[in-house]
Amino acid sequence: MSTIDEIEIKAKALAAARAELAERVGRIRDEQDAIKRRLLTGVRNALARARDAYDELHALVESAPELFEKPKTRTLHGVRLGFMKQRGKLEWDDDRALIDALRKLLGDEAEGLIRTTEKPIAARLQDLPARDLRRLGVRVADDTDVVVIKTADDALDKFIDALIGDDRIEEVVS
């Protein structure tokens with residue numbers, strides 16, 4: 001059976017071990033802060049150059065869609081660029097009419113596309129072929145091509161975001 005004295009000795013040992021741990025973690029944080037202070041200006045300058053290069057590349061790609069008809073994207077120097085079709089937004093005039101059309105067209109399968117509140121589920125309708133959407137009276141809007149530029153290494157993006165907390169970093173370096 002343990003005594004209170006033995007327990008006190010072990011509690012003191014734990015407190016000392018945790019104090020040592022806290023001191024060592026504190027030294028790591030201090031060194032990280034010193035490195036960050038020393039190098040952050042250079043990182044910010046490089047980020048500004050990357051933003052400028054991204055913006056210039058975006059403008060060039062956007063001004064020359066004819067270069068990306070087939071294939072719509074290319075990878076140059078590890079950067080994927082070109083145009084990519086957006087999913088588009090589904091629109092319809094009348095929920096009730098669409099529900100009736102879904103049930104008529106798909107029978108029992110229509111239930112997976114209709115909420116129990118009897119409202120069409122746009123996210124599920126996205127999976128239907130365009131031919132069926134037209135037959136149902138659903139229009140696809142905003143399905144235009146947009147510029148896409150992606151790099152292969154997203155670990156760098158995450159690190160920079162964590163380092164300086166820039167919410168636009170992913171757009172510039174991803």
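A: Begin with Glu111. Its relative accessibility is 44%, so Glu111 counts as partly exposed. Keep in mind that this is a predicted model.

Q: Which side chain meets Glu111 in a salt bridge?
A: First the general idea. Side chains of opposite charge can pair when their charged atoms come close. Here the partner of Glu111 is Arg103, at 2.9 Å from N to O. Arg103 is partly exposed, with a relative accessible area of 28%.

Q: Which residues do salt bridges with shared partners join into one network?
A: The network holds Arg96, Asp100, Arg103, Glu111 and Glu118.

Q: How many salt bridges are found in the whole structure?
A: The search finds 12. One of them links Glu20 to Arg24 through their side chains. Both residues lie in helix H1 (residues 4–63), four residues apart, about one turn of the helix.

Q: Which residue forms a salt bridge with Asp93?
A: Arg139 does, with the closest N and O atoms 3.2 Å apart. Asp93 sits in the loop between strand E3 (89–91) and helix H2 (95–106), and Arg139 in strand E4 (residues 139–141), so the pair ties together parts 46 residues apart in sequence. Asp93 is exposed at 69% relative accessibility, whereas Arg139 is partly exposed at 38%.

Q: Is Lys85 buried or exposed?
A: Lys85 counts as exposed, at 51% relative accessibility. The cut-off for exposed is over 50%. Lys85 belongs to strand E2. Leaving aside neighbours within four places in sequence, Lys85 contacts Asp143, Thr144 and Asp145.

Conventions
Residues are numbered from 1 along each chain as its sequence is written. This is a predicted model: local features need pLDDT of at least 70, side-chain atom pairs count only at pLDDT 80 or more; totals for chains, interfaces and linings use all residues. Side-chain values use heavy atoms; hydrogens and water are left out. Helices (H or I, at least four residues) and strands (E, at least two) are DSSP runs, numbered from the N terminus. Buried means under 20% relative accessible area, exposed over 50%, partly exposed in between (1.4 Å probe, protein chains only). Contact means heavy atoms within 4.5 Å. A salt bridge is a side-chain nitrogen of Lys or Arg within 4 Å of a carboxyl oxygen of Asp or Glu.
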